[in-house]
Every structure is written in structure tokens, then in C-alpha cells.
Amino acid sequence: MTKPSLTELLHAAVSAVGGTERPGQTAMAEAVAGAVDDNAHLLVQAGTGTGKSLGYLVPALAHGERVVVATATLALQRQLVERDLPRTVEALHPLLRRRPQYAMLKGRSNYLCMHRLHEGVPQDEEEGLFDQFEAAAPSSKLGQDLLRLRDWSDETESGDRDDLTPGVSDRAWAQVSVSSRECLGASKCAYGAECFAEAARERAKLADVVITNHALLAIDAIEGAPVLPQHEVLIVDEAHELVSRVTGVATGELTPGQVNRAVRRAAKLVNEKAADALQTASEGFERVMELALPGRLEEVPEDLGYALMALRDAARTVISALGSTRDKSVQDEDAVRKQAMASVESVHAVAERITQGSEWDVVWYERHDRFGASVRVAPLSVSGLLREKLFAERSVVLTSATLKLGGDFNGVGASLGLAPEGTAGEDVPQWKGLDVGSPFDYPKQGILYVARHLATPGREGARTDMLDELAELMEAAGGRTLGLFSSMRAAQAAAEVLRERLEKPILLQGEETLGELIKNFAADPDTCLFGTLSLWQGVDVPGASCQLVVMDRIPFPRPDDPLMSARSKAVEQAGGNGFMAVAATHAALLMAQGAGRLVRATGDKGVVAVLDPRLANARYGSYLRASLPDFWYTTDRNQVRRSLSAIDAAARAEGR
């Protein structure tokens with residue numbers, strides 16, 4: 001039998017999921033197949049509506065080697081595992097003469113821990129374990145959540161937190177899950193044979209396609225101990241998120257509360273001298289943190305340096321002592337010891353990293369209203385790490401609707417550790433960039449309006465002219481507005497003012513779960529939804545409920561953001577343009593994602609309004625505009641109001 005062509009396979013898969021074949025999807029599938037066959041690297045920008053998941057799944061399944069697909073969002077993981085993969089595998093089975101297996105794999109703390117559930121949680125103040133089910137009042141929210149979890153444990157096959165609906169609070173989940181550091185290990189655990197996390201790993205080892213998330217991919221790369229099974233092809237979807245997720249995993253943090261917990265957990269398991277030394281070091285660290293002011297520490301202050309060295313040394317002594325002493329009076333000592341060890345090791349690792357000092361790390365103080373002060377350390381750049389760990393020994397395909405900024409892929413490529421496209425060299429990963437476009441006719445379906453007449457936004461103060469403009473636009477649109485704000489404070493202020501001024505329901509992020517807000521927004525065209533970062537990227541509302549997307553200002557990082565400003569300074573010291581490489585790139589990615597909320601289907605029409613004149617007037621404005629979909633562009637406020645009114649009238653005439 002002749003081998004089926006990629007075109008035949010793609011046609012079968014698209015038919016199975018009820019989609020439409022598009023030229024961009026075909027071009028993408030061919031490019032992915034070529035990269036996989038040649039063991040090469042590919043960056044693919046595929047606009048909304050291209051059908052990019054099939055554009056990479058079909059050639060990956062046809063290739064026959066194991067593939068890992070890493071995504072940023074839970075929504076896409078669910079779509080792949082529950083919809084795209086089952087249908088695609090069934091559709092390709094008669095053509096490929098095999099049925100590829102697939103599995104989902106997440107970090108250990110995402111799975112229910114049977115040991116914790118049955119034996120209890122190590123308690124900080126007393127020896128041994130306590131029964132969290134008895135400790136929580138059955139009538140309390142925590143008690144109800146825990147009882148639901150116990151019932152769920154008897155019926156779930158996966159033990160995956162995301163399969164539990166409705167969900168439970170983080171506090172409740174923490175009572176029944178463990179981190180990889182706290183885990184006893186399957187061979188030492190009485191419940192090892194029925195462990196959900198181990199079962200997920202075993203399924204992943206046997207699967208042809210493993211779906212995971214960016215965070216686990218980062219842990220696999222950073223920690224050296226392989227978490228993911230061996231694979232020949234890596235596909236990173238939502239790749240615009242990868243750098244920030246890897247940075248998050250590579251960031252360390254120390255708070256007085258965290259150190260105190262480590263002291264309490266270890267105190268009963270080590271000799272008095274070791275416990276006292278850690279207690280004294282903890283108190284010294286707490287005194288220093290009481291005076292900590294937010295901001296970057298170009299050099300570690302002397303008092304913090306001494307406090308961290310004392311913590312590091314005391315933690316090291318406790319770690320040695322924890323490994324050599326046994327106390328038969330402690331109930332289920334292995335579990336208690338493992339949790340204590342995990343807490344102290346975490347303190348030791350961060351304290352040592354900061355005291356050792358590296359020119360490649362950024363250290364800063366942060367203050368949180370609820371949790372007080374913390375000291376944090378993050379890599380100045382993750383590009384070297386990604387170049388070394390991601391692009392070696394496997395073919396990598398990175399895809400997203402927003403990878404091409406300012407007209408090319410080099411900005412995103414540089415953040416991933418890649419030299420400009422076409423650069424040759426011995427240790428330089430070779431890659432190609434491909435923009436397969438979008439099936440949407442952006443110039444006919446959307447307008448990009450920049451409110452050029454407004455005052456340039458300052459750092460503080462109410463923008464009354466912006467709120468007046470926003471009210472006029474929302475009135476003209478008849479509601480149907482998604483308001484994307486650069487800060488929660490700005491979103492709250494706008495909602496407060498406009499709820500009094502307009503007779504339109506305005507939903508505000510934080511007042512309800514995100515899923516509920518989006519559902520209510522989509523259900524009623526008169527309703528508007530205001531929010532911040534997760535709305536810029538996470539909303540998919542096709543149709544007439546979202547015909548106006550408003551950005552209050554260009555979303556540059558805060559000037560006092562320690563990590564962003566350090567990265568910007570490093571680029572300048574190397575002779576580059578720090579503002580363009582860091583702040584403008586950050587803003588371009590977010591704006592491209594935000595503008596992508598408008599047109600989600602071929603019949604969608606509307607306006608993206610940017611209420612920041614710098615997009616029209618500043619020198620960098622053309623770079624940012626080139627990163628957005630190719631909408632029809634105007635700065636004429638009257639024209640836009642007329643267009644919004646016409647779009648609203650047409651939708652109402654159709655009963656939408």
C-alpha cells in the first residue's frame with residue numbers, strides 16, 4: 001500500500017473535526033512536515049481561524065516518532081486532548097494503519113496524592129500528621145471542598161485537578177497534593193501502586209503524543225532530571241508565552257513566612273543546636289525584611305547578605321541533620337521528614353543563589369499588601385538556557401498567532417536564544433520563519449482607531465478625556481465592548497465611572513470567575529467586560545457580543561519593574577536599543593494578542609480602539625502598528641462612531 005500523502009491525511013483530519021481546509025493550514029502542515037523530516041527548527045505565525053492545531057498534529061502523527069506538544073493554557077490542552085486528538089487519531093487510523101496513543105502530563109502537584117488524602121497532612125506545630133478532614137469544620141467552605149475531594153477520589157480515573165468540576169480552592173487542594181520535592185517516591189509510599197501522578201507518567205512513556213504545559217517543559221529543561229519522556233519532536237503552541245513561563249519557573253523567592261514554616265517543620269526532627277541556629281537565622285532575616293523597600297538591588301545590601309549567609313549555613317546544617325536522625329515518636333515520619341526537607345532545601349537553594357551572586361541574575365525586593373515583603377531572584381535572560389536546552393537533539397516547532405513583531409520573527413527569535421534568521425555558525429541553531437496569514441479579511445472586517453486627539457497618558461491621575469472617549473465609543477457600539485486595561489486600578493476606575501454614566505451592564509474582572517464573566521459577556525450583546533492581563537489573551541467570543549475592543553493605553557511594562565528595567569539596561573550596555581528590545585517588544589506582543597480578540601470568525605466585524613495617541617504620534621508607533629492585524633486604520637473619531645453605530649444597527653436588525 002502506498003504511503004498516504006500529507007494532503008490526504010489533512011483532508012481526513014479536517015473533515016473529522018468538522019472544519020474547513022484553509023491554504024494557511026496546508027502551508028503550515030507542509031512546513032512542519034519538512035522541519036520534522038530534516039530535524040530542523042521552525043517558527044510559524046498562524047492567525048486566528050487557521051486551524052493551527054491540526055496544522056501541526058497531522059504531520060507530527062504521520063511522522064511516527066514521539067512528539068511532545070507544550071501549550072500555555074488549560075483551554076488549549078483540553079481542546080487537544082478532548083476534541084482534536086481523539087477525532088484526528090480516528091480519522092487517520094485507516095490511512096496510517098496504526099492508532100497513535102496520546103496522553104496528558106502535568107507537574108506532580110496537579111494530581112491528587114492518595115497518601116495525603118488517607119494519612120493526613122504534616123502539621124507544622126505538632127509532631128506527625130493531622131487529619132485535615134477532622135480539623136476542618138464540615139460546614140465550612142474548606143470542609144465541604146475536602147469532603148468533595150474525598151468522594152471524587154473514589155470515582156476519578158486521572159486524579160487531575162482540572163478534571164474536577166466545579167473546582168476547589170487552592171487551600172483545599174494544598175491539603176491533598178504534594179510537590180515533587182515532598183513526594184515520598186512510589187517505591188517508599190504505601191499508595192505508590194495507585195498513585196495518579198505515577199500513572200500519568202507511565203501513560204506518557206507509552207504515548208506517541210504527550211500534551212504538557214510550558215511550566216513542565218521549563219522544569220524539564222532547567223532541573224536536568226528528565227520529567228518528560230524521550231522525544232524526537234517538540235511543538236510549542238502559544239509560543240509567545242514561553243519566555244515568561246520559563247522565567248517564572250527559573251525565579252526564586254524567599255519570604256519570612258516561608259522561612260518560618262521551614263523552621264517549624266524541621267524543629268522536631270533535628271538536634272536542638274541545629275534547630276536553634278535556623279531559628280536565629282530566620283529571626284535575623286525577618287528583621288531585615290521589615291525594612292525592605294520595593295525595587296531592584298544592584299548589589300545585595302550588607303545586612304541582607306549577612307542574613308542570607310546565616311540562613312544558607314543553618315539550612316545546610318539542618319539538611320545534613322535531617323538525613324541522619326530518626327525519631328520513632330513521630331507518626332509517619334517519612335512523610336513529615338520529606339516535607340521538612342523540601343521546605344528547608346527550598347530556603348537553602350534561594351539563599352545560596354543570591355549570596356553566590358551572578359551577573360546573570362536580577363535580585364529585588366517586593367512588597368505585597370497581604371503577604372508582606374519578599375526577596376526575589378530571576379535570570380536576566382533565559383535565551384541562553386533556551387538555546388542550549390530547547391534546540392539541541394530534537395526538531396522544534398514554535399507556533400502562535402503572534403510571533404512576528406514589527407514585520408519579522410527576529411525579535412521573538414532573539415528572546416528564545418536564536419540568532420537572526422539565516423545566520424550560519426557552528427553552535428547557532430538554524431531556523432526558518434513562516435507567516436501563513438489568516439483566513440480573515442482584516443481590512444474589511446476590522447478598523448484600527450487611534451484616538452490621536454487625547455492627552456498622552458501619564459503615570460498617575462484620572463484620564464477624564466479617555467473616559468469620555470470610551471463612553472462615546474461604547475454608546476455608539478450599543479455595548480458589545482471588551483475593555484483591556486493596563487492595570488487593575490485603571491479597569492476598576494473606568495468601571496466605577498461608566499457604570500454611573502451608561503445604562504449598560506459592565507462586568508469587571510475579579511468580581512466573578514473568569515469563565516463565568518466570559519460566558520455572561522458572550523450571552524448578552526448589551527453587556528461590556530473590563531479587565532486586565534488575562535483578558536488580553538484568554539477571551540474567545542466570536543459573533544456580535546464583541547464588536548469593540550478598547551485598549552486604554554500602550555501596555556509598556558512599568559518603568560520600575562525590576563526585571564524588565566534590568567533587561568533593558570543590559571541590552572543598552574551591549575550596544576542595542578533597550579527600549580525597543582524589551583519594552584516595545586513586550587507591548588507589541590500584548591497589543592497583538594489584545595487586537596486578536598476582535599475577529600474570531602469570518603462574519604465578525606468591529607473596531608479595535610487604542611486610547612493612547614502615542615500609537616499614532618511616537619516614532620515607535622509604526623513598529624507597534626506593524627505587529628497588529630492589518631485592519632483599516634484611522635484617527636477620525638466621527639468616522640469610527642458612525643462605523644460602530646452601523647455595525648450595531650446591522651447586528652440588531654439580524655436579532656443579534
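Which residue does a polar contact of 3.0 Å join to Asp-648, side chain to side chain? The partner is Arg-480, where a polar contact is a pair of N or O atoms within 3.5 Å; within protein, one must be able to donate a hydrogen and the other to accept it, and residues adjacent in sequence count only if both atoms are side-chain atoms. The structure is a predicted model, in which local features need pLDDT of at least 70 and side-chain atom pairs count only at pLDDT 80 or more, while totals for chains, interfaces and linings use all residues. Residues are numbered from 1 along each chain as its sequence is written, and side-chain values use heavy atoms, with hydrogens and water left out.

Asp-648 belongs to helix α27 (residues 637-653); helices (H or I, at least four residues) and strands (E, at least two) are DSSP runs, numbered from the N terminus. Arg-480 sits in the loop between α19 (464-477) and β15 (481-484). Asp-648 has a relative accessible area of 11% and is therefore buried, a word that stands for under 20% relative accessible area, with exposed over 50% and partly exposed in between (1.4 Å probe, protein chains only). Arg-480 is buried too, and its relative accessible area is 0%. With neighbours within four places in sequence left aside, Asp-648 is in contact with Ala-476, Ala-477, Gly-478, Arg-480 and Gln-547; contact means heavy atoms within 4.5 Å.

The backbone of Arg-480 also deserves a look. Its phi is near 50°, a positive value in a residue other than glycine. Most residues other than glycine have a negative phi, and most peptide bonds are trans. Glu-238 has a positive phi near 50° as well. Glu-238 is located in the loop between β7 (233-236) and α11, and with 13% relative accessibility it counts as buried. A further backbone feature is the cis peptide bond between Thr-165 and Pro-166, with omega about -10°. Pro-166 lies in the loop between α7 (141-155) and α8 (170-174).

Next come the helix pairs. Two packed helices are described by the angle between their axes and the distance between the axes. Axes are lines fitted to C-alpha atoms, for helices over the stretch in contact, and angles run from 0 to 180 degrees between N-to-C directions. Helix α1 (residues 6-16) and helix α2 (residues 23-38) have axes that come within 11 Å and cross at roughly 125°. That angle makes α1 oblique to α2; angles under 35 degrees count as roughly parallel, over 145 as roughly antiparallel, 65 to 115 as roughly perpendicular and the rest as oblique. The crossing of α1 and α2 is right-handed: a crossing is left-handed if the near helix is turned anticlockwise from the far one by less than a right angle, and right-handed if clockwise. On the α1 side the contact is made by Leu-6, Leu-10 and Val-14, and on the α2 side by Gln-25, Thr-26, Ala-29, Glu-30 and Ala-33. By class these are five nonpolar, two polar and one charged residues, with Ala, Val, Leu, Ile, Met, Phe, Trp, Tyr, Cys and Pro counted as nonpolar, Asp, Glu, Lys and Arg as charged, and the others, Gly among them, as polar.

Helix α1 also packs against helix α3 (residues 52-63), at an angle of about 125° and with the axes 10 Å apart. The two are therefore oblique to each other, and the crossing of α1 and α3 is right-handed. Here Leu-6, Leu-9, Leu-10, Ala-13 and Val-14 of α1 meet Leu-54, Val-58, Pro-59 and Ala-62 of α3. This contact has nine nonpolar, no polar and no charged residues.

A further pair is formed by helix α11 (residues 242-249) and helix α16 (residues 383-390), whose axes come within 11 Å and cross at roughly 100°. These two helices are therefore roughly perpendicular to each other. Leu-242, Val-243 and Val-246 of α11 meet Leu-385, Leu-386 and Leu-390 of α16, which gives six nonpolar, no polar and no charged residues.

Two more residues complete the tour. Phe-196, found in helix α9 (residues 196-206), is buried at a relative accessible area of 9%. Beyond its neighbours within four places in sequence, its contacts include Tyr-111, Leu-112 and Met-114. Thr-585, in helix α24 (residues 578-595), counts as buried at 14% relative accessibility. Thr-585 and Gly-406 are 179 residues apart in sequence and 8.6 Å apart in space, C-alpha to C-alpha.
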